[in-house]
Amino acid sequence: MSGVIQLSIQAALIVLMVLILPCAYRVWVGPTAADRLQAIDAITTLLIGIIIVLALLRDTAMYIDIAIALAAFAFIGTIALARYISEGKVF
């Protein structure tokens, strides 16, 4: 990879890591459960982005599989928590 592309990918990684901080704050302080759920979902999405950027930096396709698995688990978890918040039951 050229130097500019490498620098851009590293900058994207730093930005994604910094964006986790306001989401973590919202999880900690969030006034409602829905706010916390949305922040956790945003953190998961940012983590998936970080994993993809690391896959680009290390030139390894295995990280892509990990990101896909994390996305699937996050989707199921978000659906379960949203149902628990709205109806009070998971199943």
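Predicted model: local features only at pLDDT ≥ 70, side-chain atom pairs only at ≥ 80, totals over all residues.
Which residues make up the largest nonpolar core? The legends below take up this question along with other close-up views of the structure.

View 1. Residues are numbered from 1 along each chain as its sequence is written, and side-chain values use heavy atoms, with hydrogens and water left out. A nonpolar core is a set of buried Ala, Val, Leu, Ile, Met, Phe, Trp, Tyr and Cys residues joined through side-chain atoms within 4.5 Å, where buried means under 20% relative accessible area, exposed over 50% and partly exposed in between, for a 1.4 Å probe and protein chains only. The largest such core has 9 residues, namely Ile9, Leu13, Leu16, Ile20, Cys23, Ile43, Leu46, Ile50 and Val53. H1 and H2 are the elements that give two or more residues to this core, and the largest share, 5 residues, comes from H1. Leaving aside its neighbours within four places in sequence, Leu46 is in contact (heavy atoms within 4.5 Å) with Leu16, Leu19, Ile20 and Cys23.

View 2. Helices are DSSP runs of H or I with at least four residues, numbered from the N terminus. Helix H2, residues 33-58, has 26 residues and reaches 37 Å from its first C-alpha to its last, close to the 38 Å expected when 1.5 Å is multiplied by one less than the number of residues. Its buried residues include Leu37, Ala39, Thr44 and Ile48, and what covers the buried residues of H2 includes helix H1 (3-29) and helix H3 (62-87).

**View 3. Asp59 in the loop between H2 and H3.** Just after H2, Asp59 takes a positive phi of about 55°, although most residues other than glycine have a negative phi. Asp59 counts as exposed because its relative accessibility is 71%.

View 4. Arg83 counts as partly exposed because its relative accessibility is 33%.
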